[in-house]
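Q: Could you take me through how this chain is packed, with a close look at one pair of helices? Please give the cut-offs as you go.

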Amino acid sequence: MRIEQLRYLVEVAQSGSITLAAEKLHLSQPNISNSISALENEIGLAIFTRTRSGTRPTPAGHNLIQMAEDILMKWDQFAEAARLNSALINERLVIGATFGACTSFLPKLLTNYSERYPFVELQIMESHPAEIEERLFAGEWDLGLIGTPEEMPFKNLVAENFLKCRIMACVGGKSPLAAKKSLTMEEIREHAIIGTSEHIKEELQSYGPIREMFHSKHSEVSKRVISEGLGIGFYLDISLKNDPYVMTGNIVPIPLQEEHIVEFYWLHAKKKLSPSSEAFLKELNMHIPQFIRLNA
């Protein structure tokens with residue numbers, strides 16, 4: 001008995017025809033028919049009844065086919081685990097990520113991934129969506145994690161949306177704005193702005209000139225300035241859930257009156273993924289329910 005014989009049984013049962021099963025498996029009809037007959041002779045039991053209208057499982061065959069499906073599922077899980085774990089030993093994985101991903105869910109995800117696949121050489125490149133797309137298409141980077149407030153076509157890449165977050169205005173705990181239930185862009189524009197995205201800047205500038213007091217890509221530095229009451233910053237709600245500044249009351253997140261959503265996508269070039277990339281996306285998909293709970 002061979003594993004491919006079990007695959008033939010399942011496919012014939014699902015197709016109801018040896019001919020259709022052969023077409024789907026890209027094999028000849030006699031090849032599958034002879035293989036099934038050999039298996040029936042080996043176990044001394046008829047698995048299928050062959051008629052002009054099709055091929056149907058016998059009562060005993062029906063039970064065997066269900067067992068074959070279970071065996072194949074376990075076999076595929078085993079093969080995938082073996083392939084992923086054995087192929088990652090000296091592999092390098094380069095991920096391009098936007099600032100929002102780097103300051104929210106990505107650090108925890110990377111920790112879990114590194115523990116599970118300790119031999120992968122990880123490299124994270126913080127960048128903007130356009131460069132991430134370009135590098136992925138050129139084959140220079142393996143995966144991308146993009147957060148964007150605008151719908152993007154990703155024409156030349158494989159992409160999937162996996163998370164939605166809200167942008168929050170952040171003020172110091174002693175700021176007169178800290179008691180506000182929500183803030184408008186017009187209200188925010190009257191205060192100094194602490195390091196924000198081009199998208200938010202454009203929104204604010206539609207109400208008039210803005211005063212950008214401090215700009216840094218280092219999130220913790222910006223938060224320290226905000227906590228001192230020197231201006232207003234913007235962060236994703238998911239990144240603020242367990243933030244020490246927020247938990248101690250030094251920073252107060254306030255919803256924007258007109259909700260601003262950032263949608264996150266994972267993406268890659270249209271080619272076969274490396275084992276390390278497949279493993280990363282698998283880890284990401286495992287954690288999506290946790291991200292959603294944090295975001296609730």
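A: Among contacts (heavy atoms within 4.5 Å) between residues at least 6 apart in sequence, 70% join residues at least 24 apart. This is a predicted model, where local features need pLDDT of at least 70 and side-chain atom pairs count only at pLDDT 80 or more, while totals for chains, interfaces and linings use all residues. Residues are numbered from 1 along each chain as its sequence is written, and side-chain values use heavy atoms, with hydrogens and water left out.

Now to your helix pair. Helix α1 (residues 3-15) packs against helix α3 (residues 29-43) at about 110°, their axes 10 Å apart; helices are DSSP runs of H or I, at least four residues, numbered from the N terminus. Axes are lines fitted to C-alpha atoms over the stretch in contact, and angles run from 0 to 180 degrees between N-to-C directions. Angles of 65 to 115 degrees count as roughly perpendicular, so α1 and α3 are roughly perpendicular to each other. On the α1 side, Gln-5, Tyr-8, Leu-9 and Val-12 meet Ile-32, Ser-35, Ile-36, Ala-38 and Leu-39 of α3.

Buried means under 20% relative accessible area with a 1.4 Å probe, protein chains only. Of the 296 residues of the chain, 43% count as buried.

Technical notes:
Helix = DSSP H or I, 4+ residues; strand = E, 2+ residues; numbered from the N terminus. Parallel < 35°, antiparallel > 145°, perpendicular 65-115°, else oblique. Buried < 20%, exposed > 50% of the residue type's maximum accessible area, 1.4 Å probe, protein only.
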